[in-house]
Amino acid sequence: MASQFLETSRAHRPRVIHTGQALVDLVIEVPDIPARGQNVMAGSDAQYAGGAVTVLLAAARLGAQCVHAGALGTGPHGDLIREALDADGITASAPPITTRDTGVCIVLVEPTAERTFITTLGAERDITVNSLATADVQPGDLVCVTGYSLAVAQTRDPLLTWLATLPEDAVVVLDPGAAFAALPADVRDVMLARTDVWTGNAEEATDLLAVRAVPVEASEREIVAQSGALAPLMRAGAITIVRDGAEGCAVQARGESTYVAGFPQTPVDTNGAGDTHTGALLAGIAVGSSWVDACRRANAAAAIKVTRRGPTTAPTAVEVEEFLRGR
């Protein structure tokens, strides 16, 4: 069972391998979202490497060896992403797409730190079974899949075909995103049958449990009950993590659900907080932490991130340790 393999075998140090879309985030701060057909004056704009990059940067800064197995374009956007990966020692395993550039995600950030997204499609969707195979997944590696990859046939079909070829003890980590619950039932079921770790927010958990008509037991904290209700939908022994923003998260491991308290902050930008949590979580597991300890460090990393602007501002391991030392 993959979750047991992770905690008992260290012959191969697990890598964090992300298959999802690396995009350029064009972050625009606005006083509010304009009505249809209207205009609003932005306070600032900036470009960052985002999407899968945010997860990988967080994991690398907390000590994991990381690989991006997705597609990168050729042009200014692809160059920006490669520079961000290189700066933190992250390998891009697949050869670049030479026919077009990487797409953009426009992120509108309001004063409350709420975000609204508009995403284009570019070279990041041009994956194949062969391009994914360049990651050379080994037993114990943590292979990240996003629900947004499953929402578009161009990425869904090669991804699912490739996942079926992975070693039995490769650990598949699903970050469902808002798209997952609305996918066709057969796509959801195939993905869940190969999922060893679910890490998503409370809304994503609510949506999947509702569409599968899974009852959730009464609990002092709903996310604790949700983490337990999700686990039987996946591979035997699956680990489930349900986040609830500043309140922290719940983790179900070995049949027991545990609430891990968060660290509320005054946010300036929540863009990338969930991805930072995922990256920090997987870094903890890759270096040998328990799931509960990894969740606590992930809560801390996300708490630090929301006090910083931009999706690529995940803290380092030293910063997380300093943050936790006072708590």
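Helices here are DSSP runs of H or I with at least four residues and strands are runs of E with at least two, numbered from the N terminus. This is a predicted model, in which local features need pLDDT of at least 70 and side-chain atom pairs count only at pLDDT 80 or more, while totals for chains, interfaces and linings use all residues. Residues are numbered from 1 along each chain as its sequence is written, and side-chain values use heavy atoms, with hydrogens and water left out.

**Around Y48**

- Contact means heavy atoms within 4.5 Å. Leaving aside neighbours within four places in sequence, Y48 is in contact with L23, V24, D25, V27, L80, R309, G310, P311 and T312.
- Y48 and C105 are 57 residues apart along the chain, and their C-alpha atoms are separated by 9.9 Å.

**Aromatic pairs**

- Rings of Phe, Tyr and Trp (its six-membered ring) pair if their centres lie within 6.5 Å; planes under 30 degrees apart count as stacked, over 60 as edge-to-face and the rest as tilted. By this rule there are two aromatic pairs.
- Buried means under 20% relative accessible area, exposed over 50%, and partly exposed in between (1.4 Å probe, protein chains only). F180 is buried, with a relative accessible area of 1%, and W198 is buried at 0% relative accessibility.
- F263 and F323 also pair, with ring centres 5.3 Å apart and planes at 90°, so this pair is edge-to-face. This pair too links distant parts of the chain, 60 residues apart: F263 is in the loop between β13 (256-261) and α10 (273-286), and F323 is in helix α12 (residues 317-325).
- F263 counts as buried at 14% relative accessibility, and F323 counts as buried at 11%.

**A charge over a ring**

- A charge sits over a ring if NZ of Lys or CZ of Arg is within 6 Å of the ring centre and within 35 degrees of the ring normal. The charged end of R221 sits over the ring of Y259, 3.9 Å from the centre of that ring.

**How helices pack**

- Two packed helices are described by the angle between their axes and the distance between the axes. The axes are lines fitted to C-alpha atoms, for helices over the stretch in contact, and angles run from 0 to 180 degrees between N-to-C directions.
- Angles under 35 degrees count as roughly parallel, over 145 as roughly antiparallel, 65 to 115 as roughly perpendicular and the rest as oblique. A crossing is left-handed if the near helix is turned anticlockwise from the far one by less than a right angle, and right-handed if clockwise.
- Helix α2 (residues 52-61) and helix α3 (residues 76-87) pack at an angle of about 15°, with their axes 10 Å apart. α2 and α3 are therefore roughly parallel to each other, and their crossing is left-handed. The contact is made by V53, L56 and L57 of α2 and I81, A84 and L85 of α3.
- The axes of α2 and α10 come within 7 Å and cross at roughly 40°, which makes α2 oblique to α10. Here the crossing is right-handed, and the contact involves T54, V55, A58 and A59 of α2 with D275, T276, T278, G279, A280 and A283 of α10.
- The axes of helix α8 (residues 202-211) and helix α9 (residues 222-230) come within 10 Å and cross at roughly 50°. α8 and α9 are therefore oblique to each other, in a left-handed crossing.

**Loop residues to look up**

- E114 is in the loop between β6 (104-109) and β7 (115-119) and counts as partly exposed at 41% relative accessibility.
- D136, in the loop between α4 (129-133) and β8 (142-146), has a positive phi of about 50° although it is not a glycine.
- R254, in the loop between β12 (248-253) and β13, has a positive phi of about 55° although it is not a glycine. R254 counts as exposed at 68% relative accessibility.
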